[in-house]
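Thanks, everyone; I would like to take a few minutes to walk through one model, going from an annotated region to a helix packing and then to the aromatic rings. Please have the structure open while I talk.

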Amino acid sequence: MTKVLSAEAVCIGHPDKLCDLIADQILDEILYADPNARVAVEVMATGRRIIVTGEISTNARVDLRDCVRTALTAAGYKPWRFLVYVWVRRQSNDINDGVSTSLEARHGDESAYCLQGAGDQGTVYGYACTDTPQRLPLPLVLAHEICKRLDAARKQGTITGIFSDGKAQVSVRYNDAGKPQAVETVVVSVQHDKSKDFEVLRREITSLIVGPACQPYLPVSPDTLVLINPSGRFVEGGPKADTGLTGRKLMVDTYGGLASHGGGAFSGKDPSKVDRSGAYMARLIAKTVVDADLASQCQVAISYAIGKADPVAFSVDTLGTGQYTDQILTAAARDVFNLRPAAIIDQFGLRAPGYVRYSTYGHFGDYTRKWEDTWTTSRELVKAVKNHAHQANSAN
């Protein structure tokens with residue numbers, strides 16, 4: 001049975017994504033000075049005001065307002081037009097104690113990476129599929145590519161009279177075998193100057209943005225419905241038109257709503273928060289399963305308890321596409337991957353700054369990120385899977 005799946009992405013100047021950018025800019029500046037800082041920053045942008053709040057525990061002296069100005073400039077806004085308010089405090093001592101000394105360590109465990117507990121409770125998910133070389137759903141990849149090209153066209157002047165607030169949504173039809181078959185609909189909305197001719201804007205975005213973005217994957221056909229600014233005028237945009245908030249683009253950051261999500265945001269959080277670090281590990285495991293040809297789809301779930309190093313639950317679900325049972329894959333993954341927060345942080349180098357690079361166009365799919373590199377883990381996982389499969393066969 002055919003089906004149509006859709007996903008959206010947003011440009012760097014979208015109000016919500018602007019807040020994510022600011023939060024990660026602040027995180028980066030703090031980590032430059034103090035790699036062990038504890039940071040959980042929330043940002044709101046409304047009208048001409050930027051509000052920064054949350055918990056920060058560090059002895060480093062960082063100009064948070066300057067961080068806001070840097071992010072505003074990167075997103076295509078004029079910093080001098082905004083008033084910045086900062087209300088932050090230190091992390092709760094109770095949370096700090098649980099993260100610094102895990103439940104296992106308090107009970108005498110001295111094994112590797114046992115000292116640090118998870119910075120929060122909850123379930124994180126990772127997902128991968130064979131839709132694209134990035135192992136991400138095609139609608140999401142296309143939506144991100146359109147937004148990247150919109151931002152580039154604005155910066156380079158390829159398309160004049162557009163601003164940094166924008167978004168895209170792509171719907172793809174899948175055939176009976178679950179393979180992408182056609183681009184059904186593309187919706188693009190971008191803020192523009194009031195003097196910009198709408199027909200010119202429509203032609204430019206269709207020919208310079210949508211067509212080239214889709215061409216390497218599924219070319220736009222005469223049957224594809226392309227809607228450019230379907231609401232009509234989009235002259236007033238950014239925080240002036242719509243209040244922005246960190247963590248409101250969770251699906252844009254992850255899998256486009258086409259896989260499960262635990263609800264935890266990434267931006268503005270140091271890696272002790274498993275909302276970020278645990279989700280990165282879940283993605284690596286899911287992508288490893290797919291890259292190792294053990295399944296064509298994979299979803300990984302990891303559940304943590306605050307202050308505890310080991311997860312309380314872990315599962316691999318190949319959604320009916322696995323070459324082995326999910327039980328065997330789950331057991332093999334536990335052998336290969338260390339799921340303790342401190343181990344994840346070390347493996348991915350998450351104490352280093354650089355998070356601002358991930359805050360736009362999604363946290364997954366870029367081969368330069370360590371949670372996307374499956375070269376070594378694929379071989380290790382295949383070996384572990386065969387071992388567990390042999391043990392299961394011997395037991396029967």
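Predicted model: local features only at pLDDT ≥ 70, side-chain atom pairs only at ≥ 80, totals over all residues.

Helix H8 and helix H10 cross in a left-handed sense. H8 covers residues 274-291 and H10 covers residues 341-348, and their axes come within 10 Å while crossing at roughly 70°. Since angles from 65 to 115 degrees are counted as roughly perpendicular, H8 is therefore described as roughly perpendicular to H10.

Which residues make the contact? On the H8 side they are Val 274, Ser 277, Gly 278, Tyr 280, Met 281 and Leu 284, and on the H10 side Pro 341, Ile 344, Gln 347 and Phe 348.

For the annotated region, an unreviewed UniProt entry carries the annotation "domain: S-adenosylmethionine synthetase C-terminal" over residues 237-372. In the model, the end C-alpha atoms of residues 237-372 lie 34 Å apart, and that span is 30% helix and 11% strand.

Finally, the aromatic rings, where the count comes to 11 aromatic pairs. One of them joins Tyr 127 and Tyr 255, whose ring centres are 5.8 Å apart and whose planes stand at 70°, so the pair is classed as edge-to-face, the cut-off for that being over 60 degrees. This pair links distant parts of the chain, with Tyr 127 in strand S5 (residues 122-129) and Tyr 255 in the loop between helix H7 (250-253) and H8, 128 residues apart.

Terms used. Residues numbered from 1 in each chain as written. Heavy atoms only, no water. UniProt positions renumbered as here; feature names shortened; annotations may be inferred. Helix = DSSP H or I, 4+ residues; strand = E, 2+ residues; numbered from the N terminus. Axes fitted to C-alpha atoms, helices over the stretch in contact; angles between N-to-C directions. Parallel < 35°, antiparallel > 145°, perpendicular 65-115°, else oblique. Left-handed = near helix turned anticlockwise from the far one by under 90°. Contact = heavy atoms within 4.5 Å. Phe/Tyr/Trp six-rings, centres within 6.5 Å; stacked < 30°, edge-to-face > 60°.
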